[in-house]
Amino acid sequence: MNYLSAELISKSFNDRWLFKDLSLGISQGEKLAFVGNNGVGKSTLLKILTGELSSDSGTVVIREGIRLGYLTQQPVVDENLLVKDVLFNDSNEVARAVKEYEDCLHHPDVAPERMQAALEKMEELSAWDYDSKVQEVTGKLGVPDMDKKFSELSGGQKKRIFLAQLLLNEPDLIIMDEPTNHLDLSAIEWLENYLAGPQITLIMVTHDRYFLDAVATEIIELDRQQLFRYKGNYAYYLEKKAEREEILKAEVSKARNLLKKELEWMRRQPKARGTKAKYRVEAFYELKEKASQDLRKDRLELDIKETRQGGKILEVNHLSKTFNGITMVDNFSYVFKKHDRIGVVGNNGVGKSTFLNLITQRLKPDSGEVLPGVTTKFGYFTQDSMNLNPANRVIEEVKNIAEFITLSDGSQVSASKFLDNFLFPPEKQYTYVEKLSGGEKKRLQLLKMLVTNPNFLILDEPTNDFDIDTLNVLEEFLEKFTGCLLLVSHDRYFMDHLVDQLFVFEGEGRIRFFNGNYTDYRDWTDEQEISQAKPVETKSSVQEEKPVSKKVSYKDKQEYEQVQKEIENLEQQKRELEEKLNSGITNHEELQELGQQLQNIADSLDAKTMRWMELAELIEVV
C-alpha cells in the first residue's frame with residue numbers, strides 16, 4: 001500500500017536550485033534514509049513532504065486516512081507547558097486517560113475519588129497496554145520529570161520529549177530529521193531496534209552510519225539536484241556511489257571529446273537553421289549540457305602542525321566532584337600516556353561533560369588534582385557555540401587568534417586560505433557568525449580549535465550537524481593525529497574507528513576503564529548478561545547438551561508446551577492485578593507496588609510470547 005507520493009517537486013532559494021523535478025514514493029513497511037552533503041536540501045525536502053514548506057512546482061499526495069508524524073531538528077512549543085502536557089496528545093482519549101492515571105500515581109496526596117475515577121477510566125478504555133508503552137518509551141529515552149516546565153529543560157531533553165511524543169502517537173508514517181542527535185548510546189540502540197520493526201514506515205535524514213545499516217531498507221542520496229536510490233546497506237551504498245561517480249566521469253570526459261568535433265561542425269555550417277539537421281543541433285545542445293557538468297566537489301581539508309608533546313602528558317589524582325548532592329566523579333585517577341585514544345561513554349546526565357571540564361580545569365574539583373604536562377596544549381571542542389562571537393565576521397574569528405596558520409609540513413597559509421580549506425570561500429568569510437547555519441558554526445568552532453595547534457584533543461559530540469563526507473574527512477584527520485584523543489560521541493561508527501580504550505560512566509561517580517572500542521564493550525556486556533542469566537548447570541543438563549541440529553528435540557516440544565502454560569498463568573495474574581487496581585484501593589504505596597507488578601508481568605509476557613513464537617516457528621518449519 002502506497003502511503004506517500006511526490007511527483008516532480010522542485011525548490012530554489014536565493015536564485016539557486018536545491019533540486020528539480022524529484023519524484024519518489026514510500027509504501028507500507030519501507031524505511032528510506034536520505035543522505036547528502038550539508039546544504040543540498042535534505043531537511044528542505046522533508047519539510048515539503050510533510051507540508052510544512054511549499055515546493056516551487058510538483059505535488060505531494062498522502063494517502064487518505066494515513067496519519068503522519070514529523071520530528072524536526074528544532075521543534076517549537078509553548079515554553080510554559082509542562083512535560084506531561086507536551087507528551088500526551090489530548091485529542092487521543094486513551095492518552096488522556098493515561099496522563100490522568102500517571103498524574104495520580106506521581107502525586108501521593110491526590111484525592112482517593114480522583115484515583116478511583118482514573119482507574120475506572122483506564123479499565124474502560126483498556127489503556128493498560130498503552131500505559132506500559134508510555135513507561136517503556138519515556139524510560140528508554142530518558143524523559144525527565146513530567147511536572148517540569150518545558151522552559152527549564154536543555155535542548156537535548158526537549159528533543160527526547162518530542163521523540164517520545166511522536167512514538168506514543170503511533171503515526172502510520174514517521175518522518176525524522178537527525179533522530180539520534182542528543183540521545184545517549186543506550187537510547188539510540190533502543191530506538192534503532194524499535195524503528196527496525198516491520199510495522200514501522202519511515203523516512204529519515206541521518207548521518208549515523210550504524211543507524212543507517214540497522215534501520216534503512218533503502219538509502220537515497222541527494223546530489224547535484226537529483227535523487228540516487230540504493231537498495232542495500234551503507235557499505236553497498238558506498239560501493240555503488242563510487243561506481244556511479246566513475247561512470248559519470250567517463251561519460252563527461254567522452255562528451256567533452258565529442259563536443260570538440262561537434263563544435264567544429266556547428267561553426268562550419270551556415271547559420272540559417274533550416275540548412276542544418278535539426279536532430280543534430282538538438283543533440284549538440286544536449287551534449288554541451290552533459291559536457292559542462294562540474295564534477296569537482298568541495299571537500300574539507302584538515303591540516304595543522306601539532307605542538308611537540310613532552311614526556312608528561314596529564315595526571316589525574318583522586319578526582320571527585322558533586323553537584324546538588326549527586327556525585328558525578330568519585331575518586332578517579334589516571335595517568336594519560338602518549339597516543340592515548342580514549343572514548344567516553346555513559347547515559348546522559350552521568351557526568352561526562354563535567355569530567356571534561358574538570359580535566360581542562362574549567363571546573364574546580366571538590367577534591368583531587370589535575371596535573372597537565374608543561375608542553376600539553378588542549379584543544380577542546382564543546383557542544384555549544386559560546387566561544388563564537390555572533391557580532392564578528394567569520395574571518396575576524398580566525399584573525400583574532402592568528403593571521404597566519406602553520407600546517408603539518410611547516411608551511412604557513414593566511415587565515416583566508418585556511419578558511420577556504422574549511423569550505424568557507426572568500427564570499428562567505430565576511431558573513432556575520434550569527435547568520436551561519438548550525439553545521440557552519442560547528443565547522444568554524446573546529447577550525448578555531450585547530451588553529452591553536454593542540455596536541456591533546458578533547459571532542460564533546462563533534463558529529464552533530466556534520467554530513468557524512470565531513471565526518472569521513474574528520475575521521476581521516478584524527479586517525480593520523482599523533483597526540484592524545486579524548487572523545488565523547490553518540491556516533492558508534494565514528495567512535496569504533498578512532499578509540500581503543502573507554503572510560504565508561506556507570507553512575508554515582510563510578511568510571512570503569514575498558515580496554516577496547518565501543519562494539520567490544522557492547523559484546524562484553526552482552527556476554528556478562530548472558531552469563532549472569534544462565535542457570536547453574538547440573539550434571540544431567542551438561543550431558544544433554546548436543547551439537548546444533550535442525551531436528552526438533554523432545555526438550556523443545558516440552559518447552560513449547562510449558563511456555564504456553566506459563567503464558568496462560570501470566571495472563572491470569574495480569575487480569576487479577578487489574579481487578580485489584582480497580583477495586584478502589586487508595587493507598588498510594590500499594591497502588592505503586594501493584595503498578596510495578598503489572599509492568600513486570602507485561603515484560604514477562606512479552607519475553608515468553610517471543611520465545612513461544614520462536615519455538616512454534618521451529619516446530620512448524622520442521
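Strand S19 (residues 501-507) runs antiparallel to S20 and is joined to it by six bridges; two strands pair if DSSP finds at least two bridges between them. Phe503 stands opposite Phe513 in S20. The model is predicted: local features need pLDDT of at least 70 and side-chain atom pairs count only at pLDDT 80 or more, while totals for chains, interfaces and linings use all residues. Residues are numbered from 1 along each chain as its sequence is written, and side-chain values use heavy atoms, with hydrogens and water left out.

Helices (H or I, at least four residues) and strands (E, at least two) are DSSP runs, numbered from the N terminus. S19 and S20 belong to an open sheet of six strands with mixed pairing, in the order S14-S17-S18-S12-S19-S20. Its edge strands, S14 (378-381) and S20 (510-515), each pair on one side only. From one strand to the next, the twist averages 15°. Helix H11 (residues 352-359) packs on this sheet, touching S12 (341-345), S14, S17 (456-460), S18 (484-488), S19 and S20. The direction of H11 makes about 150° with that of S18; axes are lines fitted to C-alpha atoms, for helices over the stretch in contact, and angles run from 0 to 180 degrees between N-to-C directions.

Rings of Phe, Tyr and Trp (its six-membered ring) pair if their centres lie within 6.5 Å; planes under 30 degrees apart count as stacked, over 60 as edge-to-face and the rest as tilted. By this rule the count comes to 23 aromatic pairs. Two edge-to-face pairs are listed here.

| Pair | Centre to centre | Angle between planes |
|---|---|---|
| Tyr230 and Tyr237 | 5.2 Å | 75° |
| Phe332 and Phe503 | 5.3 Å | 75° |

The second pair links distant parts of the chain, with Phe332 in strand S11 (residues 326-336) and Phe503 in S19, 171 residues apart. Phe503 is buried at 1% relative accessibility, and Phe332 is buried at 9%; buried means under 20% relative accessible area, exposed over 50%, and partly exposed in between (1.4 Å probe, protein chains only). Both belong to one aromatic cluster, whose members include Phe355, Phe378, Phe456 and Phe513.

A nonpolar core is a set of buried Ala, Val, Leu, Ile, Met, Phe, Trp, Tyr and Cys residues joined through side-chain atoms within 4.5 Å. The largest has 72 residues, and those with the most contacts inside it are Leu141, Leu167, Met176 and Leu195. Apart from it lies another core, of 44 residues, among them Val398, Phe481, Phe494 and Val504.

Conventions. Contact = heavy atoms within 4.5 Å.
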